[in-house]
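Subject: Structure for your review

Dear colleague,

Please find below the structure I am handing over to you. My notes on its salt bridges and on one of its strands follow.

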Amino acid sequence: MNFKKSYRPAIGYTKLCEIGKCSLTQLEFGIIELKKGDSVTLETAGSEYAFVFLGGHADVAINGTEYKRVGGRADVFASKQAWSVYAGRGATLRFTGCEHVKIAVCSTPTNEDTEPQVLPAERVPVRLLGVKPWERETSFIIDGSTNAKRLTVGEAYITPGNWAGFPPHKHDLDNMPHESVLEEVYYFLFQPGQGFGVQCTYAADGEFDEAYRVTSDDLVEFPRGYHTTVGAPGYNSYFLWLMAGQEQGFFRSNDPAHEWVSAVENMLKKG
């Protein structure tokens, strides 16, 4: 069972995870990449969308309303706070590159009508999570503080040589308020560009147990199962994470075999 995919840079809109063509049933992902003056038009149809600016600026039109030079950072390592655009179902969007621009496209089907938003970078909170050697900074871009009803999207920056999302955790069981059924995607970038990490995912029932070497522009789907990540020493490791499912938010459980690590983390934080 292979949950890993790779994005090969291309001008326009490249769909990478499509419902019915991948392991996911609630979540889709792709990349818009444009040069100066290039344009792409997208219809949201019956889904809500989050567009996260990975680097560069674009003029954005949403249902005919124009927003100039949306974006702010040169790339994901220049700033840990991202500009984004949210659009609900039934919207038409047009992106025109002001220079080279790269945008992550996240979506999930919805039955609710919502208003679009252009969300500036300065509103994005960034938090330091974990302790060494499982430390990372995580930002929260799209969540319940926005108009999104089902999507949750953010970015993670792993301290070089550290783990992220440890202990391994999952969200594939309807056991609210503790755990909900949520699909997820991680999309990776590294600095310097030859960097890499390892993405682990495994099922509690043993149906799959995979460890992928991930490099820049790789992504991994998580339809279910535990998952955890480690970045190579010396490299800045980044991943965009997006979730959607029965609930909006973080309702997950840790692998009980490794839950004891959480107690160690709490002790270290207390000093």
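A salt bridge is taken here as a side-chain nitrogen of Lys or Arg within 4 Å of a carboxyl oxygen of Asp or Glu. On that criterion, the count is 15 salt bridges. The model is predicted, so local features need pLDDT of at least 70 and side-chain atom pairs count only at pLDDT 80 or more, whereas totals for chains, interfaces and linings use all residues. Residues are numbered from 1 along each chain as its sequence is written, and side-chain values use heavy atoms, with hydrogens and water left out.

Salt bridges

E221 and K5 form a salt bridge through their side chains, at 2.6 Å from N to O. Because E221 belongs to strand β20 (residues 218-222) and K5 to strand β1 (residues 4-6), this pair ties together parts that are 216 residues apart in sequence. Strands (E, at least two residues) are DSSP runs, numbered from the N terminus. E221 is buried at a relative accessible area of 1%, while K5, at 23%, is partly exposed. For these terms, buried means under 20% relative accessible area, exposed over 50%, and partly exposed in between, with a 1.4 Å probe and protein chains only.

R73 and E155 also meet in a salt bridge, at 2.6 Å from N to O. R73 sits in the loop between β7 (65-70) and β8 (84-87) and E155 in strand β14 (residues 152-158), so the pair ties together parts that are 82 residues apart in sequence. Both R73 and E155 are buried.

The side chains of K132 and E135 are joined by a salt bridge of 3.1 Å, N to O. K132 is exposed, with a relative accessible area of 55%, whereas E135 is buried at 10%.

R136 lies in strand β13 (residues 136-142) and is buried, with a relative accessible area of 11%. Beyond its neighbours within four places in sequence, R136 has contacts (heavy atoms within 4.5 Å) that include Y157, A164 and R252. Six of the seven residues of β13 are buried.

Two strands pair if DSSP finds at least two bridges between them. Strand β12 (residues 126-129) pairs with β13 in the antiparallel sense over four bridges, and R127 stands opposite T138. The hairpin of β12 and β13 has six residues between the strands, and G130 takes a positive phi near 75 degrees there. β13 also pairs with β14, in the antiparallel sense over six bridges; the bridge partner of F140 in β14 is G154.

With kind regards
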